[in-house]
Amino acid sequence: MMAIKHKRGTHHRDDSCCVDNLSDSTFNMIREIIYDRSGITLGENKQALVRARIAKRMRHLQIPGYSDYIDHVVNDASGGEIQHLVDAISTNVTSFYREPSHFDLMRKVIDEWIKSGIKSIRLWSAASSTGEEPYTMAIELLETIYNRRLDAKILATDISSRVLEICLRGEYTEDKIAPVPQPLRNKYFTKKKDNAKAIYSVNDSLRNLVIFRQFNLSSPPFPIRGPLDMIFCRNVMIYFDKKVRTSMVGEFLRLLKPGGYLMVGHAESITGLSSEFKCIKPSIYLRE
Ligand SMILES: C[S@@+](CC[C@H](N)C(=O)[O-])C[C@H]1O[C@@H](n2cnc3c(N)ncnc32)[C@H](O)[C@@H]1O
């Protein structure tokens with residue numbers, strides 16, 4: 001990991017006092033802080049994105065310059081402002097039933113496992129964002145279990161406390177819920193009105209299946225008890241460099257049971273990171 005070299009409040013102020021001036025050196029400090037805290041690599045071309053995403057927080061705090069804001073981040077002994085910074089920078093795009101082939105395979109495999117007599121199942125959504133992924137896993141798991149007995153739990157983790165609050169609230173607007181087929185919507189959500197807007201709130205059957213925790217994938221060893229049966233780690237690896245990806249996949253290997261599955265995003269691959277995962281389809285790996 002890159003070290004954060006500057007000491008509390010000692011780096012020179014090189015920005016003028018307006019929110020639209022982000023100097024190269026302040027940008028590089030932000031990149032170091034973000035890498036150190038989350039493993040996210042911000043490319044040199046991300047300056048405009050960083051500027052836009054932090055400006056909102058700066059306006060909220062009424063801090064005019066980026067350099068002043070970074071002073072504020074590193075001087076906040078509680079670590080709360082670094083969390084705000086990571087929240088501002090990380091990309092949380094997600095949706096129900098995103099990349100649906102993973103859920104098709106999940107159902108098929110779990111059905112076979114139940115038929116073979118397994119008594120418990122442990123799944124992990126390793127970058128859960130606002131909850132659409134773990135709740136889709138929960139719906140599909142319950143639909144697969146149907147009326148059979150199985151001790152089931154889904155762990156959902158993310159580095160961002162902001163998205164985890166949304167997971168816990170478990171409320172989704174009409175446009176967010178759209179990919180969930182109507183019969184499943186009726187079965188697993190309660191429709192409410194909020195200021196004339198429809199809100200779908202997850203029912204207890206889903207809520208009780210999922211445990212949410214804040215967790216950093218770039219900081220091994222992971223404080224998770226295995227063995228796990230399936231890990232969904234989708235659309236987060238693209239933000240990590242090879243070093244972070246390799247250590248993360250090493251931890252997945254340690255935690256997954258032999259015969260367990262790892263799903264990554266459709267644009268991602270773990271080829272070359274571990275020889276103990278067999279790619280059975282693009283983005284789907286079997287732990288041998
Ligand atoms: C693009 S979303 C992907 C959400 C979901 N997995 C999906 O595919 O729809 C990426 C998520 O990864 C989280 N993330 C980024 N760095 C992380 C880290 N080091 N540890 C855990 N989560 C991280 C972000 O907060 C964000 O919610």
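Visitor: Is strand β7 buried or exposed?
Guide: Buried. Six of the six residues of β7 (residues 228-233) are buried, so the strand is largely enclosed by the rest of the structure. A residue is buried if 20 or more other C-beta atoms lie within 10 Å of its own, exposed if 12 or fewer, and partly exposed in between, with C-beta atoms placed from the backbone. Strands (E, at least two residues) and helices (H or I, at least four) are DSSP runs, numbered from the N terminus.

Visitor: What kind of model is this?
Guide: It is a predicted model: local features need pLDDT of at least 70, side-chain atom pairs count only at pLDDT 80 or more, and totals for chains, interfaces and linings use all residues. Residues are numbered from 1 along each chain as its sequence is written.

Visitor: Back to β7. Which strands pair with it?
Guide: Strand β1 (residues 120-125) pairs with β7 in the parallel sense over three bridges. Strand β8 (residues 256-264) also runs parallel to β7, joined by five bridges. Two strands pair if DSSP finds at least two bridges between them.

Visitor: Which residues are bridge partners there?
Guide: W124 has I231 of β7 as its bridge partner. For M230, the bridge partner is Y261 in β8.

Visitor: Which residues have a positive phi without being glycine?
Guide: Q62 has a phi of about 60°, and Y97 has one of about 55°. Q62 lies in the loop between α2 (47-61) and α3 (66-75). Y97 lies in the loop between α4 (80-89) and α5 (101-115).

Visitor: Are those two buried or exposed?
Guide: Q62 counts as exposed, because it has 6 C-beta neighbours inside 10 Å. Y97 is partly exposed, with 17 other C-beta atoms within 10 Å.

Visitor: New topic. Which residues are closest to the ligand?
Guide: T94, A127, S129, L217 and R234 are the closest of the 25 residues that surround the ligand. The cut-off: a residue is near a molecule if its C-beta atom, placed from the backbone, lies within 6 Å of it.

Visitor: How does that shell divide by residue type?
Guide: Nine nonpolar, twelve polar and four charged. Ala, Val, Leu, Ile, Met, Phe, Trp, Tyr, Cys and Pro count as nonpolar, Asp, Glu, Lys and Arg as charged, and the others, Gly among them, as polar.

Visitor: Which domains does the shell draw on?
Guide: Domain 1 (24-89) and domain 2 (101-287), with at least three residues from each. The bounds come from an automatic or database domain assignment.

Visitor: What about the sheet with β3, β4 and β5?
Guide: Those three strands form an open antiparallel sheet in the order β3-β5-β4. The edge strands are β3 (171-173) and β4 (189-194), and each pairs on one side only. β3 and β5 (residues 197-202) pair over three bridges. E171 has S201 in β5 as its bridge partner.

Visitor: And overall, how many helices and strands?
Guide: Eleven helices and ten strands. Of the 288 residues of the protein, 35% count as buried. The C-alpha trace spans about 65 × 55 × 30 Å along its principal axes.
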